[in-house]
Amino acid sequence: MMKKLSKVLEVLLHSARCRSRCSDPHCHLMKKLFSHSKACTVRSSGGCRHCKKAWLILIMHARNCKESDCVVPRCRDLKQHAKSLAQKPAVV
Ligand SMILES: [Zn+2]
Ligand SMILES: [Zn+2]
Ligand SMILES: [Zn+2]
């Protein structure tokens, strides 16, 4: 679908803010992907490819995100999650 990671993250940020009817096809795809992942009953844990993709994009965003008040859905949760993982000693 989308080639470059930086482009994907750019589109993610755009689509999170984009509320109007947008003619950008990438924006449209991103919105479709995220509205799917909200409605999906299979989820990435059940093996849904679309949800896995959406999840991956979110994780990559959250890793790079420095925004404390980010518009991207789940971004704050993910950053919180990453923090709590980092604080815990690694248990194998
Ligand atoms: Zn847009
Ligand atoms: Zn799904
Ligand atoms: Zn963010």
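Select C48 to begin: at 10% relative accessibility this cysteine counts as buried, where buried means under 20% relative accessible area, exposed over 50% and partly exposed in between, with a 1.4 Å probe and protein chains only. The model is predicted, so local features need pLDDT of at least 70 and side-chain atom pairs count only at pLDDT 80 or more, while totals for chains, interfaces and linings use all residues. Residues are numbered from 1 along each chain as its sequence is written, chains are lettered from A and ligands numbered from 1 in the order in which they are written, and side-chain values use heavy atoms, with hydrogens and water left out.

Next, show the zinc ion (ligand 2), which is coordinated by H36 (NE2), C40 (SG), C48 (SG) and C51 (SG) at 2.1 to 2.3 Å; donors are N, O and S atoms within 2.8 Å of the metal (3.2 Å for Na, K and Ca), and sites may look incomplete because water is not among the atoms. The angles among its four donor atoms run from 101 to 121 degrees, and the site is tetrahedral, a label given to four donors if all angles lie between 85 and 135 degrees.

Then move to the zinc ion (ligand 1), coordinated by H14 (NE2), C18 (SG), C22 (SG) and C27 (SG) at 2.0 to 2.4 Å. Its four donor atoms subtend angles of 105 to 115 degrees, which makes this arrangement tetrahedral.

Finally, select S15, which is buried at 9% relative accessibility. Leaving aside neighbours within four places in sequence, S15 is in contact (heavy atoms within 4.5 Å) with C27, M30 and K31.

Notes:
Four donors count as tetrahedral if all angles lie between 85 and 135 degrees; four count as square planar and six as octahedral if opposite donors are over 155 degrees apart and all others between 65 and 115; anything else is irregular.
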